[in-house]
Amino acid sequence: MENNKVNEAVKLAANHHQGKITSIYFTACGGSLVDFYVSKYFLEAEAKTITTGWYNASEFVNVPPAKVGEDSIVFICSHSGDTPETVEAAKIAQAKGAFTIGLTFNENANLLKYSNAKIIYEWGNEEEVVNNPMAITLDATVKLLQNFEDYQYAADFDDGFKKIDTVISRAIRQVQPRTKKFAQVYQNETMFYVLGSGPSFGHAYGFSICSLMEMQWLNSSSIHSGEYFHGPFEVTDKNLPYILLKSLGRTRVLDERAERFLAKYAQKVEVVDAKELGLDLIDDKVSEYFSPILFYTVLCEYRAKLAAVHDHSLDVRRYMGKVEY
C-alpha cells in the first residue's frame with residue numbers, strides 16, 4: 001500500500017494544523033468524487049468534533065463552503081490531474097487557507113501545483129485495491145481522525161487493509177461464472193436500477209453514472225435502499241432489472257428489506273453480497289467501510305462482461321473529450 005505517502009500526508013497535515021482541525025472536505029468529479037464517498041461517510045458516522053462535506057468540484061468552485069479555512073483539510077482528486085474544475089477547486093481551497101491533499105495518477109499534474117501534500121497513486125491492478133484512491137483516502141482519513149480525536153478502531157482498519165487484497169482476489173475468481181451469466185441474460189437491457197446503502201451508496205451511484213451510463217451508454221439510476229420504499233418502489237415490476245449491493249455493517253438491514261421486496265415483486269434481480277464474497281474476513285467493527293472497495297472491483301467484472309457482449313469498449317466516448325462542454 002501507499003503507506004509512506006499516506007503517512008507523510010497525514011504528518012504534514014497534522015504539523016500544519018498543530019494538532020487542531022474543525023473540518024475535512026472532499027471535492028472531485030465523477031469517479032474520483034465517488035472514490036471519496038466512503039471517507040466522507042466514515043467521518044459523518046465516527047467523528048465527534050470534525051465536520052465534513054462532499055462536493056462536486058464545479059459546485060465547490062461556485063459555492064465554496066464558508067467554513068473552509070485555516071482549520072480545514074481538503075482532499076482533491078483527479079485521475080488525469082488536469083480536470084479544470086478540480087484544479088480550480090484545489091486553488092480556491094488553498095487560497096482560503098486550507099491544507100490541500102491532492103491525489104492523481106499523473107506525476108506532472110496541474111493539480112499538484114495546489115496540493116500541500118501530494119499522493120500519486122498506482123493504477124491498473126484490480127487485485128491490489130489498497131493502491132487505489134478510494135482505499136488511500138480512507139486510510140488517510142482514518143489516520144487523521146486517530147490523530148485529532150484518538151479514534152479507537154484505527155488498528156482494526158490497519159488489519160483490514162492488510163486483508164482486503166486477499167478478499168478481493170478471491171472475490172474476482174468467485175464471481176466469474178456469475179458475471180458471465182449476468183452479461184448474457186441482461187445484454188439487451190437498456191435501463192438498470194442500482195441499489196445500495198451506507199458507505200456503499202456512493203458506489204451504487206458510481207456504478208450507475210460511470211460504468212453503465214458513461215462506459216456503456218445505458219440508462220441507469222441509483223437508489224438508496226432505504227429511500228426505495230419512499231417512492232421508487234412504485235415502478236418495480238418483472239421487466240425492470242435491479243442490481244442490489246448488499247453491504248456488511250449497520251445498514252445491511254436496509255438492503256435486506258429491499259431484497260425481500262424485490263424477491264416478491266421483481267424477477268430481474270442481481271444481488272452482490274459483500275458477506276458472500278468474503279468481506280467478513282475483516283473485523284465487523286470496520287468491515288462496512290470496506291464494502292465499497294470490494295464492490296468497486298467486483299462490479300468492474302460485471303461491466304467488463306457487459307462490454308464484451310455489447311462489443312462496446314469501456315474506453316469509447318461520444319462527448320467526453322470529444323466536443324466542447
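**Entry 1: two helices.** I'm working from a predicted model. I started with helix α2 (residues 30–46) and helix α5 (residues 133–149), whose axes come within 7 Å and cross at roughly 25 degrees. Angles under 35 degrees count as roughly parallel, so α2 is roughly parallel to α5. I also looked up the hand of the crossing of α2 and α5, and it is right-handed.

Which residues make the contact? From α2 I noted Asp35, Phe36, Val38, Ser39, Phe42, Leu43 and Glu46. On the α5 side I wrote down Pro133, Met134, Thr137, Leu138, Thr141, Val142, Leu145 and Glu149. Sorting the residues of this contact by type gave me 9 nonpolar, 3 polar and 3 charged.

**Entry 2: Glu46.** I picked Glu46 from that list, a residue of helix α2. Is Glu46 buried or exposed? Its relative accessible area is 18%, and the cut-off for buried is under 20%, so Glu46 counts as buried.

Next I checked what Glu46 touches, leaving aside its neighbours within four places in sequence. I found Leu145, Glu149, Tyr151, Arg250 and Tyr289. For Leu145 I looked up the separation too: Glu46 and Leu145 are 99 residues apart in sequence, yet their C-alpha atoms are 8.6 Å apart in space.

**Entry 3: positive phi.** Most residues other than glycine have a negative phi, so I made a note of the exceptions I came across.

One is Asp311, which follows α9. Its phi is positive, about 55 degrees, although it is not a glycine. I placed Asp311 in the segment after α9. At 73% relative accessibility it is exposed, because the cut-off for exposed is over 50%.

Trp217 is another: not a glycine, but with a positive phi of about 55 degrees. Where does Trp217 sit? I found it in the loop between α7 (201–216) and β7 (219–224). With a relative accessible area of 35%, Trp217 is partly exposed.

Conventions. Residues numbered from 1 in each chain as written. Predicted model: local features only at pLDDT ≥ 70, side-chain atom pairs only at ≥ 80, totals over all residues. Heavy atoms only, no water. Helix = DSSP H or I, 4+ residues; strand = E, 2+ residues; numbered from the N terminus. Axes fitted to C-alpha atoms, helices over the stretch in contact; angles between N-to-C directions. Parallel < 35°, antiparallel > 145°, perpendicular 65-115°, else oblique. Left-handed = near helix turned anticlockwise from the far one by under 90°. Contact = heavy atoms within 4.5 Å. Nonpolar A, V, L, I, M, F, W, Y, C, P; charged D, E, K, R; others polar. Buried < 20%, exposed > 50% of the residue type's maximum accessible area, 1.4 Å probe, protein only.
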